[in-house]
Amino acid sequence: MDDVLTGLLRPKGIAVVGASATPGKIGHTVVKNLIDGGYKDGIYPINPTADEILGYKVYKSVLDVPDPIDAAVITIPAKYVMETVKECGEKGVKGLIVITSGFSEVGEVELEKELVRLAHSYGMRVLGPNIVGTLSNSDKLNASFAPFLPLVGTSSLVSQSGALLIAIDAITYTRGIGFDKLISIGNMSDVNIADTVGWLNEDESTRCITLYIEGLKDGRRFINECAKAKKPIVVLKAGVSEHGAVAAASHTGSLAGARHIYGAAFEQAGAIQATDLSDLFNSTLALSLQPPMRGENLLIITNGGGVGVLATDSAESAGIPLKFAPETVQEEFKKHMPSFGSAKNPVDLTGMAGNDWYFETTKFALSHDWVDGLIVLYCETAITNPMEIAQSLYNALKETGITDKPITTSFVGGERSDSAMQWLVENGIPAYNDPDLAVKAMGTLREYAVLQDLKNSPINNDHEVDRQTALDIIANVRAEGRTGLTEVESKSIFKAYGLPIVRSDLATSEDEAVKLAESYGYPIVMKIVSPDILHKSDAGGVKVNINSEAEIREAYQTILTNAKAHKPDAEIHGILVQEMAPWGTETIVGSVNDVTFGPTVMFGLGGIFVEVLKDVVFRVAPISDMEAIKMLDAIRGAPILDGVRGEGPRDKKALAEVLSKYAYMISDLGEHIQESDANPILVYEVGKGVKIVDARIILKD
Ligand code: ADP
Ligand code: MG
């Protein structure tokens, strides 16, 4: 575990620089909060002019404090911070909790960099600046201006928004969902989200990591840290509706957006993405209390048919559709219900169900091998007491001794049900006031299990490539002052990375074109090759299905005329003569070099509607073979690849291989390639492979 970060987030000895005797000032609030929180490891207010604050001796400088100090909370104005940093460094402080604002968030970028440089020169780490502070229930540490420690819980929250952190602190009590630590991360000048994920993964009092993210700085490290984590991570990302300027010179560029790319990154990181704040809480509750759902078999027990049906619908949309329980399982349930109950799934014990039936069926269901996850629903009735039902569930759970199978619950009713649910949560069983939420929570536990498998799948970096050829082409293009590669240049790079391109050659005269065509055999395709024309069809620069010498000669002239009309000063390299690929399902593979995550690969159904349908999926490159296959299944149009309307299934194996190789190519050439696409890639029937008929690469400026 990182000692310095431990000193910062679980300090033994803490100074408050800028401590004040005046209530209302942050420097006062922090001292008061440390005291009120019950922190016992040494509070040292620092202020050159005061003697005592809230009964604590005040020191003029951290250097005057006789005891060791792990962390210093800094609340003085930005312009005085450097001096303090030096003193803290000399004192041997490990971490600075810089609450002070007035740094990069107001344009003082250099001042912030200087702060970090100075801190690092003493081996210190910086949390913030511009933060609320950091809180830890297990250390009784409230080193912040948030009013109190959160309700005790087993998840820890890292938040980029200070205001939200304070709000969540309060919500923990009204929602009854607790946290161990709340860490405000502010400007992330030094300690960033990846650092905290890595540290929390080792923190013994944290069972689940909850993140509120506005923007990441080092996306790749974030993915790696999360992927390494052995604890569930749930994340709410704000700002997915717009994304930083990605110049859209390619199809892929125009399709890339924060929603897609962050979504992909979270999936690869093995992190569960929450849809909104409520979902963040609900998922945190489930993940911090229950194990993942490792198989697909969900069982629902209910005393009300209505909520059973609602839950059945929810289960389908949560990705854990219900199946009927096996006969033997049903037989057992029948012992604990009237004849008009249903032992299938949902198991409807009917409104006659009392404590015993709930106890017996819960115990049986949890212990049975067939059941991978259990949801218990309860509607308040006149003959039952919600608290007793809750206790029956708890006792059943205890009696089975099972801890590796998840259970979630929903009690639908009034205040008595609410208290019973609160009691359940306090005793480790997630409870929600809506059956849909109990099901979604189980869906989250299932998703967690699935993501675990995916994030551990190995990336194949063993492709045979000819990197030098690619670099030479890139160097040539750059020497000509270009960033856009022609189809010929792009395809040569694709070929160097083992991608299956159609056969083609450049002709610079009609005669040459004819000769090439005859060596290929008809039909052929002819295309304009010009660094100034990247969208060839738009310029009338593509002719397909050419079947004779006469047609070649005619197409040659037409293409040239069209190109000149389209762009009179276009530099023309010649006309590409190309093998005409037979018809196949049109798909697109492309890439963008994302500001946050770097090279990112895209897959979608291709053709002219790609930008309209936006049926695409992204992954940060490189990807594992398993991820490549998952990408093919992730688009809405996935069934098309499995064969529709009498067509045989398409060669997904070959397509996935292309995706892997492509992802490898863009990451291997990540310092050069800004955007690219292969559009279309024609996909044939199983065993018949795929063919890339068009290629486009745009280099970084
Ligand atoms: P651009 O995208 O620059 O307009 P393409 O090379 O993609 O040009 O050609 C336009 C369309 O022509 C493709 O989407 C594809 O449908 C068809 N096409 C191009 N090359 C071939 C080929 N070699 N075999 C079969 N069809 C082709
Ligand atoms: Mg194209």
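**Around ligand 1**

Okay, let's start with E586: an N or O atom in its side chain is 3.5 Å from an oxygen atom of ligand 1. Keep in mind that this is a predicted model, where local features need pLDDT of at least 70, side-chain atom pairs count only at pLDDT 80 or more, and totals for chains, interfaces and linings use all residues. Residues are numbered from 1 along each chain as written, chains are lettered from A and ligands numbered from 1 in the order written, and side-chain values use heavy atoms, with hydrogens and water left out.

Back to the ligand. R696 has a polar side-chain atom 3.2 Å from an oxygen atom of ligand 1, and with N679 a backbone N or O atom lies 3.4 Å from a ligand oxygen. The protein covers 83% of the 540 Å² of accessible area that ligand 1 has on its own (Shrake-Rupley method, 1.4 Å probe).

So who's in the neighbourhood? 18 residues surround ligand 1, and the closest are K527, K536, S537, Q578 and D694; being near takes a heavy atom within 4 Å. By class, that shell has 7 nonpolar, 4 polar and 7 charged residues (Asp, Glu, Lys and Arg count as charged; Gly is among the polar ones). Strands β21 (524-529), β23 (574-579) and β27 (673-683) each give two or more residues to it (strands are DSSP runs of E, at least two residues).

Now, where does ligand 1 lie? Between domain 4 (457-502 + 581-700) and domain 5 (504-580), because both give residues to its shell. Those bounds come from an automatic or database domain assignment.

Note on methods. A polar contact is a pair of N or O atoms within 3.5 Å; within protein, one must be able to donate a hydrogen and the other to accept it, and residues adjacent in sequence count only if both atoms are side-chain atoms. Helices (H or I, at least four residues) and strands (E, at least two) are DSSP runs, numbered from the N terminus.
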